[in-house]
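Work through the following exercises with the sequence and the predicted model side by side. Try each task yourself before you read its solution.

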Amino acid sequence: MADAANLTGKQVLIVEDEFLVTMLIEDALGGLGCTVAGTAARFDEALEKARSLAFDVAILDVNLDGRRTFPIAELLAGHGRAFVFATGYGADRLPPALAGTPILPKPLQPGDLAQALQAALAVKDPSLRSG
């Protein structure tokens, strides 16, 4: 499991259209010492928050109420922002430009959450790599 101490104090944007899943993620983030910078359940709201909020890493549900979040991911990637995809599908469903993005598998497990966040953040800050 990833070293949760490296996640303490990290601000996380949650983009998820299932209220119960959002609550589960919020609980798990609290257990990791993270804080929620914001949540979004609709595409337009998620895009606006991705542009305007201060956060360290985003969790993007791939399918947000029937709409893919790939444009939001591309925006974040273009600005050097860390993010992970939450999905019940495999990484092979990602567009080539987003291949290699850390995946948070659904159903969610706290250990998977920590590992996915660590992987996304390690790209930006090598000191966060567990070893």
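**Exercise 1.** Determine which strands pair with β1, and in what sense they run.

*Solution.* Begin with β3, which covers residues 57–61 and pairs with β1 in the parallel sense over four bridges. To find a point of reference in this pairing, look for L13, which stands opposite A58 in β3. Next turn to β2, which also runs parallel to β1 and is joined to β1 by five bridges. As for how well β1 is covered, four of its five residues are buried.

**Exercise 2.** Find out which residues of helix α2 are buried, and where they lie around the axis.

*Solution.* First locate α2 at residues 43–52, where F43, A46, L47 and A50 are buried. Then consider their directions: these residues cover an arc of only 100° around the axis, and therefore they lie on the same side of α2.

**Exercise 3.** Describe the largest nonpolar core and state which element supplies the largest share of it.

*Solution.* The largest nonpolar core has 21 residues, and those with the most contacts inside it are L29, I59, L113 and L117. Going through the elements, you will find that β1, α1, β3, β6 and α4 (110–124) each supply at least two residues of this core. The largest share, six residues, comes from α4. Now take L113 as an example: leaving aside neighbours within four places in sequence, L113 is in contact with I25, A28, L29, L32, I59 and L104. There is also a second, separate core of 20 residues, which includes A40, F55, A58 and L98.

**Exercise 4.** Decide whether T87 is buried or exposed, and list its contacts beyond its neighbours within four places in sequence.

*Solution.* Start by placing T87 in strand β6, which covers residues 82–87. The relative accessible area of T87 is 7%, and because the cut-off for a buried residue is under 20%, T87 counts as buried. With the neighbours within four places in sequence left aside, the contacts of T87 are V62, I103, L104, P105 and K106.

Note on methods
Residues numbered from 1 in each chain as written. Predicted model: local features only at pLDDT ≥ 70, side-chain atom pairs only at ≥ 80, totals over all residues. Heavy atoms only, no water. Buried < 20%, exposed > 50% of the residue type's maximum accessible area, 1.4 Å probe, protein only. Contact = heavy atoms within 4.5 Å. Arc of directions from axis to C-beta. Pairing = 2+ DSSP bridges. Core = buried A, V, L, I, M, F, W, Y, C linked by side-chain atoms within 4.5 Å.
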